[in-house]
Amino acid sequence: MTIEPLSPALQTISNEIFCAQDYEVLSKKFIQPATYAYISGGSGQDLTLLANVNSFKKRQIFPRILQDCAQGSTQTKLLGHSLRSPILLAPVAYQKLVHPQGELATVQAAEAMDIPLILSTLASQTLEDVAQKTEQIKWFQLYFQPTTQETLLLVKRAEQAGYSALVVTLDATIQVPSVQAKKAGFVMPQDMVAVNVQNSTDLKKRVLDADDSLIFQGIMAEAPQWQDLQWLQSQTELPIIVKGVMHPNDAVRLKEMGISGIVVSNHGGRGLDGAPASLDVLPLIRKAVGENYPLLFDGGIRSGQDIFKALALGANSVLIGRLQVYALAVSGALGVAHLLKLLQEELEVCMAMAGCASIEEINQQALYESHSSFTVE
């Protein structure tokens, strides 16, 4: 079975797009309903998915007057790289679900807009083909594979292809599909293949005893543990960033073992349904790891204002996930590039009106939520 788009991607920018979030609304005209339910949904009852979005609505931004922003800039540094913006494209799997070129179109947009891309292990284009399409910073998102040999093969392929960091996702061992995706009848098409791991070992045939749990003795028996992450550190010189961190204690332990940075993330609401919003735990994790430890963030971002709020609460950079897929469905590479342009402009407008001429000037004092601890300068 192949899922065909409702309409082919536009070759121009739609006159219905006025802000970044408009791509989410318009994409429903281009993505089959069942596929849209799968992409837009989280897990279970979508409680965490909704919490991610609502957490931004709870916070407002202080406007400032008479601030000098004439030399303003969104330039920042991350893991030794100078970036024109604190925006990165998140690893999103199976992008051919919404566009025939999939990740090759997305990386074309990243190249055009000088934005780093993180490629998913479950991409529908090979990591080598994607790497050849850009000279910009690119990272590889890694899922531990069924065997150490297969995991190491992916790492070495990423190294050879020029990826400059590994983003290891550790919060997705168990994923419960959203109820809305189940009701919509979504089934992954047979020809939608994760080409980078299509020949991986199948351990799903593990024999369980009658009293064994499918979750504990089944799925979790293959889940990575702390020693597996330590093993990975010994196998590569690439910096390792761990994605899926939601607890301050985990963040501190990762920092202590030499992990280069972390992504505060609940997998876009696709992990534990009922977990807190990523934005709500972000300041707790920033406090736990200190000021200078690299923190990236994803979960619920729909605008440049949302990016500003995440930066104010402690993030160094943010990852854009679902929005890139919506834009890809609507207008392919052109749509993703336009989305990034809109987000950049929205962030700049927000910074200017909040009196922040640089990324370094954005902090909790810029948020109205912080008024209880506000100090007059």
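# Exercises on a predicted model

## Exercise 1

Task: State why helix α12 is largely enclosed by the rest of the structure.

Solution. 
- Step 1. Helix α12 covers residues 304–312. A residue counts as buried under 20% relative accessible area.
- Step 2. The buried residues in α12 are Gly304, Asp306, Ile307, Phe308, Lys309, Ala310, Leu311 and Ala312.
- Step 3. Because 8 of the 9 residues of α12 are buried, the helix is largely enclosed by the rest of the structure.
- Step 4. After α12 comes Gly314, with a positive phi near 125 degrees.

## Exercise 2

Task: Find which residues of the largest nonpolar core touch the most other members, and list what Phe308 touches.

Solution. 
- Step 1. The largest nonpolar core has 95 residues.
- Step 2. Those that touch the most other members are Phe140, Ile262, Ile285, Phe297, Ile307, Phe308 and Ile320.
- Step 3. Helix α13 gives the most to this core, with 17 residues.
- Step 4. Apart from this core lies another, of 12 residues, including Trp139, Val167, Val263 and Leu296.
- Step 5. With residues up to four places away in sequence not counted, Phe308 touches Ile61, Leu347, Cys350, Met351, Ala354, Cys356, Ile362, Ala366 and Leu367.

## Exercise 3

Task: Describe how α10 and α11 cross and which residues meet there.

Solution. 
- Step 1. Helix α10 spans residues 248–256, and its axis comes within 9 Å of the axis of α11.
- Step 2. The two axes cross at roughly 35 degrees, and the crossing is right-handed.
- Step 3. From α10, Pro248, Ala251, Val252 and Lys255 take part; from α11, they meet Leu284, Ile285, Ala288 and Val289.
- Step 4. Sorted by class, the contact of α10 with α11 has 7 nonpolar residues, no polar residues and 1 charged residue.

## Exercise 4

Task: Decide whether Leu66 and His267 are buried or exposed, and say where each lies.

Solution. 
- Step 1. Leu66 lies in the loop between α3 and β1 (76–78). Its phi is positive, about 60 degrees, although Leu66 is not a glycine.
- Step 2. The relative accessibility of Leu66 is 84%, so Leu66 counts as exposed; the cut-off for exposed is over 50%.
- Step 3. His267 lies in the loop between β8 (261–264) and α11. Phi of His267 is also positive, near 65 degrees, in a residue other than glycine.
- Step 4. The relative accessibility of His267 is 13%, so His267 counts as buried.

## Exercise 5

Task: Place Ala357 in the chain and name its contacts beyond its neighbours in sequence.

Solution. 
- Step 1. Ala357 is in the segment after α13.
- Step 2. With a relative accessible area of 14%, Ala357 is buried.
- Step 3. Leaving aside neighbours within four places in sequence, Ala357 is in contact with Asp68, Cys69, Gly72, Ser73 and Met351.
- Step 4. Ala357 and Gln67 are 290 residues apart along the chain, and their C-alpha atoms are separated by 8.4 Å.

## Exercise 6

Solution. 
- Step 1. Among contacts with a separation of 6 or more, 73% join residues 24 or more positions apart.
- Step 2. The accessible surface comes to about 17800 Å², and 52% of this surface belongs to carbon and sulfur atoms.

Notes. Residues numbered from 1 in each chain as written. Predicted model: local features only at pLDDT ≥ 70, side-chain atom pairs only at ≥ 80, totals over all residues. Heavy atoms only, no water. Buried < 20%, exposed > 50% of the residue type's maximum accessible area, 1.4 Å probe, protein only. Helix = DSSP H or I, 4+ residues; strand = E, 2+ residues; numbered from the N terminus. Core = buried A, V, L, I, M, F, W, Y, C linked by side-chain atoms within 4.5 Å. Contact = heavy atoms within 4.5 Å. Areas by Shrake-Rupley, 256 points an atom, 1.4 Å probe, with all protein chains shown as cover. Axes fitted to C-alpha atoms, helices over the stretch in contact; angles between N-to-C directions. Left-handed = near helix turned anticlockwise from the far one by under 90°. Nonpolar A, V, L, I, M, F, W, Y, C, P; charged D, E, K, R; others polar.
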